[in-house]
Amino acid sequence: MEHAPRKRFGQHFLHDPGIIGRIVGAIDPQPGQTLLEIGPGMGAITRPVLTRCRQLHVVELDRDLIPRLQTEYADAGELVVHAADALKFDFGAVPVPAGRKLRVIGNLPYNISTPLIFHLLKWADGIQDMHFLLQKEVVDRLTARPGTSEYGRLGIMVQYRCRAESLFHVGPGAFRPPPRVDSAVVRLVPWEALPCPARDEALFAALVHQGFTRRRKTLRNALQGLAEPAAMTAADIDPARRPETLSVEEFVRLANEVAASRT
């Protein structure tokens, strides 16, 4: 039985067999791994993943879809359905065998993708990897390099925690209904050890946030009240540069210099 996509849930159901196969191939689920799918919808990715790993957790907000999920895939393996809002879900509560980490996948609704990724970063230490089908614009921001128009707070905060890789493009015709934008698949792999850890992560996040609310100003002006020009110079960063030109490592270096000056 067909389920009409609901605009309030941002639903665009994937139906292209070729794209589904490429996504499952990129995920490469294996028996014994703990996988969780966000927003399984009509189960386009659910069945092939469950068939390969034999157990799958799913988080679904649309209660009309849950009975279908609970009955239709019983032959493929053990499907554990969590009727919940992914933005409020405790990913740390999913049982994972000792020595292993959670793998997260999903065709994420465009209207919640950014806050959901920030929510997931809270559990980065317990996550092996994440594979998401997202609006291409969001993937471009997640993987952006300094000095580009796509580079901003989202990319910096994600790249601080994860290696971010754009895998492939997905056109609107792969969905029902077709969205008005292109999509892409991204792989996020949390670092085992942070390449450049911040002494005060709240301060680091505040510098990035303020810097990108004033991205066209010089650092001297953009970070007034948070970082003095002397701290920038001590961190080997020119106060005349703009926030959008700083790498993740440079933002961390500046945050660490500011933190040291406060002790």
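In which sense do strand 2 and strand 3 pair, and over how many bridges? In this predicted model, strand 3, which spans residues 55-60, is joined to strand 2 in the parallel sense, and the pairing extends over three bridges.

Because five of the five residues in strand 2 (residues 34-38) are buried, the strand is largely enclosed by the rest of the structure. In a regular strand, side chains alternate between the two faces of the sheet. In strand 2, T34, L36 and I38 point one way, whereas L35 and E37 point the other way, and all of these residues are buried.

A further element of the model is the packing of two helices. Two packed helices are described by the angle between their axes and by the distance between those axes. For helix 7 (residues 201-213) and helix 10 (residues 248-261), the axes come within 9 Å and cross at roughly 120°, and the two helices are therefore oblique to each other. Their crossing is right-handed. Helix 7 contributes L203, F204, L207, V208 and F212 to the contact, while helix 10 contributes V248, F251, V252, L254, A255, V258 and A259. When these residues are grouped by class, the contact of helix 7 with helix 10 comprises 12 nonpolar residues, with no polar and no charged residues.

Technical notes: Residues are numbered from 1 along each chain as its sequence is written. This is a predicted model: local features need pLDDT of at least 70, side-chain atom pairs count only at pLDDT 80 or more; totals for chains, interfaces and linings use all residues. Side-chain values use heavy atoms; hydrogens and water are left out. Axes are lines fitted to C-alpha atoms, for helices over the stretch in contact, and angles run from 0 to 180 degrees between N-to-C directions. Helices (H or I, at least four residues) and strands (E, at least two) are DSSP runs, numbered from the N terminus. Angles under 35 degrees count as roughly parallel, over 145 as roughly antiparallel, 65 to 115 as roughly perpendicular and the rest as oblique. A crossing is left-handed if the near helix is turned anticlockwise from the far one by less than a right angle, and right-handed if clockwise. Contact means heavy atoms within 4.5 Å. Ala, Val, Leu, Ile, Met, Phe, Trp, Tyr, Cys and Pro count as nonpolar, Asp, Glu, Lys and Arg as charged, and the others, Gly among them, as polar. Buried means under 20% relative accessible area, exposed over 50%, partly exposed in between (1.4 Å probe, protein chains only). Two strands pair if DSSP finds at least two bridges between them.
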